[in-house]
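Have a go at each task before you read its solution.

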Amino acid sequence: MTQAAATADRADAYSIPLDRINVADPALFRDNMMWPYFERLRKEDPVHYCNDSQYGPYWSVTRFKDIMSVETNHKVFSSASRSGGITIMDNNAAASLPMFIAMDPPKHDVQRKTVTPIVAPENLAKLEGLIRQRTQNALDALPAGETFNWVERVSINLTAQMLATLFGFPFEDRTKLTHWSDVTTCELGTCGVETEEQRIKEIQECGAYMTKLFNERANSDPQPDLLSMLAHSENTRNMSPEEFMGNMVLLIVGGNDTTRNSMSGGLLALNENPEEYRKLCADPTLIPSMVSEIIRWQTPLAHMRRTALEDFELGGKQIKKGDKVVMWYVSGNRDGDEIENADRFIIDRANPRHHLSFGFGIHRCVGNRLAEMQLRVLWEETLKRWPKPGQIEVVGEPRRVFSTFVKGFEALPVRINA
């Protein structure tokens, strides 16, 4: 965005009447124009009611501390699919499926506990060698001196391989996992999904494929993959078809979008902040800190939604039972009252893991340490090959996803200057 365009956008965001602001417009995210609207809401109306949007009426919670209040109060603010689920979209067939992130305790707790061992520290230690080898292979195959799409060649490539490993999924079919993830979360009219019926058909195909694998695991000895863990746990082996499909969708999207879009967003952030790129190359020990800053800066899932189970006052506003409440992580992560210099990308922050991108409380992302490890390994291997600032150069405008949920990229044109 040019400086003139950014100035005009800020003027528009501050001139529009407050009650007409709708930050859930996917075009704002596709065009990266949502920032001044969130800035204004944090300052003037941090718990904001939008009466008219393509998703119906909803509350926007935009400050860090208010988001934490909603996130940690699951007795009032429900994520259950029967109440509305976890996204602002009401008509999304995938979002309405029962899944453990879209459950309240106690059922949430026992289902989450079943899959937690796959990302336990000892299992992550076993996975690191495999992740490093695949990262090395992907980077070694990149063409020097010519433009290519980093999203496709690196971000999607590496996350699809990791997902296949986590599920014990046939490696030759791994691109199906990326496709199902996109189909699950996309707006109609994108990702080749024109109608909700078409989305349902795709999800059913995913369900049939995963059910076949699940049944194979149930009839075999336990293995260290997600499907085997679910098949051999008494808490999950007898899930209904809807619940099974919901958890498959959750684990596919959760394992895909956070890491994939942070892999792309991190490279873009370094190119947009060349001083930080120089700082990184001068001191590669900053990589773990930078990884956390990338995840904050990118905020790969822009929001999570809750539904009020009773009347509740938040930030001086009266939320009614049944109201849709949207926690904008993307805004909370730029809240200057909570994070110093929140609008700056700083790879050596004092407390870089203080962010909302993984959620908080009982619904905190179960795979957060795996995502961080994948990003750390990517940058360790990248700097071994291209140790100079700006050697991996973004050479065109990124193409962003048309979505208020997944804050990500379809394309990032780059060139390696060897």
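This is a predicted model: local features need pLDDT of at least 70, side-chain atom pairs count only at pLDDT 80 or more; totals for chains, interfaces and linings use all residues.

Residues are numbered from 1 along each chain as its sequence is written, and side-chain values use heavy atoms, with hydrogens and water left out.

**Exercise 1. Describe how helix 7 packs against helix 11.**

Step 1: find the two helices. Helix 7 covers residues 150-167 and helix 11 covers residues 241-272; helices (H or I, at least four residues) and strands (E, at least two) are DSSP runs, numbered from the N terminus.

Step 2: get the geometry. Their axes come within 9 Å and cross at roughly 150°. Because of that angle, helix 7 is roughly antiparallel to helix 11. Axes here are lines fitted to C-alpha atoms, for helices over the stretch in contact, and angles run from 0 to 180 degrees between N-to-C directions. Angles under 35 degrees count as roughly parallel, over 145 as roughly antiparallel, 65 to 115 as roughly perpendicular and the rest as oblique.

Step 3: look at who touches whom.

**Exercise 2. What angle and axis distance do helix 8 and helix 9 have, and what about helix 13 and helix 15?**

Step 1: take helix 8 and helix 9 (residues 196-218). They pack at about 140°, with axes 10 Å apart, so helix 8 is oblique to helix 9.

Step 2: check the contact. Residues of helix 8 including Lys176, Trp180 and Thr185 meet residues of helix 9 including Arg199, Glu202 and Tyr209. By class, there are 6 nonpolar, 3 polar and 4 charged residues.

Step 3: move on to helix 13 (residues 287-298) and helix 15 (residues 368-385). Their angle is about 125° and their axes are 9 Å apart, which means helix 13 is oblique to helix 15. The contact includes Ile287, Pro288 and Ile295 of helix 13, plus Glu372, Trp379 and Leu383 of helix 15. That contact has 9 nonpolar, 1 polar and 3 charged residues.

**Exercise 3. Which residues line the second largest cavity?**

Step 1: count the cavities. The structure holds 4 of 30 Å³ or more. On a 1 Å grid over the protein atoms alone, a cavity is a set of points where a 1.4 Å probe fits but cannot get out, and a pocket is an open set with protein on both sides within 12 Å along at least five of seven lines; lining residues have an atom within 4 Å of a point.

Step 2: list the lining. The second largest cavity, about 80 Å³ in volume, is lined by Leu130, Ile131, Arg134, Thr135, Leu158, Gln161, Met162, Met263 and Gln374. (Grid points are joined across faces, edges and corners, and a volume is the space filled by probe spheres set on the points.)

Step 3: sort it. Helix 6 (121-140) gives the most, with 4 residues. The lining divides into 5 nonpolar, 3 polar and 1 charged.

**Exercise 4. Which residues are closest to the centre of the second largest pocket?**

Step 1: size it. The second largest pocket has a volume of about 350 Å³.

Step 2: go to the centre. Of its 21 lining residues, Asp182, Cys191, Arg260, Val401 and Glu410 are the closest.

Step 3: find the largest share. Helix 8 supplies it, with 4 residues.

Methods: Ala, Val, Leu, Ile, Met, Phe, Trp, Tyr, Cys and Pro count as nonpolar, Asp, Glu, Lys and Arg as charged, and the others, Gly among them, as polar. Contact means heavy atoms within 4.5 Å.
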